[in-house]
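Q: I have a structure open here and would like to go through it piece by piece. Can you take my questions as they come?

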Amino acid sequence: MSGDLPELATGAALTGRIEAALDAPVEPVVAQFAAQLAQEAGAAAVLFYGSNLRTGELDGVLDFYLLMPGPQQDRIWPRVSYHERECGSHDLRAKVAKMSLSTFAQAAAGTRRDTTIWARFVQPSALVWQADEAIRRDVVAAVAAAACTAGRLAAALGPASGTAEEYWRALFRATYKAELRVEKPGREGSILSVNRDHFAGLLPLALSAQDIAYDRDGTSLTPRLDPAQRKKILRWWSARRRLGKPLNLLRLVKATTTFEGAARYGAWKLERHTGISVELTPWREKHPLLAAPSVLFSLWRKRRA
């Protein structure tokens, strides 16, 4: 690992699997958009994730994580922004989360009091831009560590024996419950069903990479966690579960003052979901919170009309 990133022991098989997943093909304009954002921000790497990665569609909002060099600048991370850009013949939109690569790696490895990074990046993502090969290795190691962190907790939360899907289901059910989310119950099932190929065989690799033995009987796995190991993992999770909602709330509060492009993002969302356009004046763009009541009143009047 380079710089001040944590040492992440992940195992060659898992690392190879993660590296191949991060090389998922994306539309050239998505890579172009990511490169422009990275170069403007001075980023070390860009990860692309979300439903647009799976479908290949360019409609809606693309989701990027910009991983920055050097130490973390914000105590409450990530910093979120919204961008619109014409790339080729496409008008693209993106929601961008920005944080330091070192903090991302620590959160992925489970050394931060955070439930979002490792739970998000055990799911599919693509490394669409990196500054150099050393940075690429750091990102691959961090995402592999996220799989280890998630797999370890899945083994502790899941049944004594069961299919890999049952363990992942237990993991996502617990992490969603620990955070402020709008997803309906059962969301974990849809994540696993649409990403079945991604999760196939991932749990055994994640367990083996951290020397957690398991028995296999057909499709059933039995992780061999002794009582002390299980207790340690669940104690680790308990500390993060208690802080999940307060941390989410802090991030939401911060976003009300630091979300760059929030007004444009909100106006686009309103028009997309209601079909009604909202006039975005310079004042409204500069003061989205203060402008919200008048925007909602204007929306109400247009819907009445």
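Q: Which strand is Leu 66 found in?
A: Leu 66 is in strand β2. Bear in mind that this is a predicted model.

Q: And is Leu 66 buried or exposed?
A: Leu 66 is buried, because its relative accessible area is 3%, and the cut-off for buried is under 20%.

Q: What does Leu 66 touch?
A: Leaving out residues up to four places away in sequence, Leu 66 touches Leu 37, Ala 41, Ala 43, Ala 45, Val 46, Val 96, Ala 97, Lys 98 and Met 99.

Q: How far is Leu 66 from Leu 47 in space?
A: The C-alpha atoms of Leu 66 and Leu 47 are 6.7 Å apart, with 19 residues of separation in sequence.

Q: What about Asp 63, where does that lie?
A: Asp 63 lies in strand β2, residues 62-68.

Q: Buried or exposed, for Asp 63?
A: Asp 63 is buried, with a relative accessible area of 15%. Not counting residues up to four places away in sequence, Asp 63 touches Leu 47, Phe 48, Tyr 49, Gly 50 and Lys 95.

Q: On to the nonpolar core. Which residues of the largest one touch the most other members?
A: Leu 47, Phe 104 and Trp 168 do, in a core of 57 residues. Helix α6, residues 133-157, gives the most to this core, with 14 residues.

Q: What does Phe 104 touch?
A: Beyond residues up to four places away in sequence, Phe 104 touches Leu 47, Leu 67, Met 99, Ile 117, Phe 121, Ala 142 and Val 143.

Q: Which residues does the second core include?
A: That separate core has 23 residues, among them Leu 37, Leu 62, Phe 64 and Leu 66.

Q: Which residues line the largest cavity?
A: The lining is Ile 18, Ala 21, Leu 22, Phe 121, Val 122, Gln 123, Pro 124, Ser 125, Val 143, Ala 147, His 198 and Leu 202. Helices α1 (12-22) and α6 are the elements that give two or more residues to this lining, and the largest share, 3 residues, comes from α1.

Q: How does that lining divide into nonpolar, polar and charged?
A: The lining of the largest cavity has 9 nonpolar residues, 3 polar and no charged.

Q: Now the open sheet with 3 strands. What is the strand order?
A: The order is β6-β8-β7, with antiparallel pairing. β6 and β7 each have a single partner strand and stand at the edges, so one side of each is left without a neighbour in the sheet.

Q: How many bridges join β6 and β8?
A: There are 2 bridges between β6 (residues 162-163) and β8. Gly 162 has Leu 221 as its bridge partner, and Thr 163 has Ser 220.

Q: And how many for β7 and β8?
A: Strand β7, residues 214-217, pairs with β8 over 4 bridges. Arg 216 stands opposite Leu 221.

Q: Which residue in the hairpin of β7 and β8 takes a positive phi?
A: Gly 218 does, near 65°, in a hairpin with 2 residues between the strands.

Q: Last one: which way do the side chains of β8 point?
A: They alternate along residues 220-223.

Definitions and conventions: Residues are numbered from 1 along each chain as its sequence is written. This is a predicted model: local features need pLDDT of at least 70, side-chain atom pairs count only at pLDDT 80 or more; totals for chains, interfaces and linings use all residues. Side-chain values use heavy atoms; hydrogens and water are left out. Buried means under 20% relative accessible area, exposed over 50%, partly exposed in between (1.4 Å probe, protein chains only). Two strands pair if DSSP finds at least two bridges between them. Contact means heavy atoms within 4.5 Å. A nonpolar core is a set of buried Ala, Val, Leu, Ile, Met, Phe, Trp, Tyr and Cys residues joined through side-chain atoms within 4.5 Å. On a 1 Å grid over the protein atoms alone, a cavity is a set of points where a 1.4 Å probe fits but cannot get out, and a pocket is an open set with protein on both sides within 12 Å along at least five of seven lines; lining residues have an atom within 4 Å of a point. Ala, Val, Leu, Ile, Met, Phe, Trp, Tyr, Cys and Pro count as nonpolar, Asp, Glu, Lys and Arg as charged, and the others, Gly among them, as polar.
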